[in-house]
Amino acid sequence: MRIWSALLTGMALTLVLSACGSDGDSGDSAPLRPPPKVATLGPFVGECGHVTDDEVRDVAGLGQISRVFKNSTGCNWQSAGLASPSVTFASYRGSPIDRERAWVTSVGRAPDAIEVGGHPGFRALDPTGTVCDLAIQLDDDFFEWSMSYGLFQAAGNPCDKTYKLAELTVQRLK
């Protein structure tokens, strides 16, 4: 008996609430919120940033590395295990580069403005000098090269190496 009573009450409330709507003739034809911005797609950055495994190995100067994964938005190369050096490429369609800039800032990497092949971006080196994130704006898209020396200190600044990888990607844009 209680179930029928609850069902009837629910149906009655539904009818009452649906009858309280507007007749659509309020005289205000302006939309309630602005239309969404349509992102302008940048050039195609290619699979793994148009960079080969051998080029990543040579530019990164990390000896033997292997591509660990590849998907539609990026690639990752590692050398000898979890705490070892790694290089990552990622592309972001219609995503704001400033969100990435805010993230690297929040983890203690101060971003510096750079330009690669006429495209603006930033690079951010962590205080220990072992991790670098480098992002380049392409219209409403951006791509990022990131390098970590892991627990093993490698020679040189990882931002210099990610910059060279970003140059290769920009040179090969389609």
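**View 1. Burial of Phe 89 and Phe 143 in the predicted model.** In this predicted model, Phe 89 and Phe 143 are both buried. Trp 145 is buried as well, its relative accessible area being 0%, and the rings of Phe 89 and Phe 143 form a pair that is tilted, because their centres lie 5.9 Å apart and their planes stand at 35°. Since Phe 89 belongs to strand 3 (residues 86-92) and Phe 143 to strand 7, this pair ties together parts that are 54 residues apart in sequence.

**View 2. The aromatic pair of Trp 77 and Trp 145.** Four aromatic pairs are found in a search of the whole structure. One of them, between Trp 77 and Trp 145, is stacked, with 5.8 Å from centre to centre and 20° between the planes. This pair links distant parts of the chain, with Trp 77 in strand 2 (residues 74-78) and Trp 145 in strand 7 (residues 141-148), 68 residues apart. Trp 77 has a relative accessibility of 1% and therefore counts as buried, and together Trp 77, Phe 89, Phe 143 and Trp 145 make up one aromatic cluster.

**View 3. The largest nonpolar core.** This core has 25 residues, and those with the most contacts inside it are Val 56, Leu 62, Trp 77, Val 87, Ile 136, Phe 143 and Trp 145. Among the elements that give two or more residues to the core are helix 2 (53-60), strand 4 (110-116) and strand 6 (131-138), while helix 4 gives the most, with four residues.

**View 4. Surroundings of Phe 143.** Leaving aside residues up to four places away in sequence, Phe 143 touches residues including Val 45, Phe 89, Leu 134, Ile 136, Ala 166 and Val 170. A second, separate core of six residues includes Ile 97, Val 104, Ala 124 and Ala 135.

Technical notes: Residues numbered from 1 in each chain as written. Predicted model: local features only at pLDDT ≥ 70, side-chain atom pairs only at ≥ 80, totals over all residues. Heavy atoms only, no water. Phe/Tyr/Trp six-rings, centres within 6.5 Å; stacked < 30°, edge-to-face > 60°. Buried < 20%, exposed > 50% of the residue type's maximum accessible area, 1.4 Å probe, protein only. Core = buried A, V, L, I, M, F, W, Y, C linked by side-chain atoms within 4.5 Å. Contact = heavy atoms within 4.5 Å.
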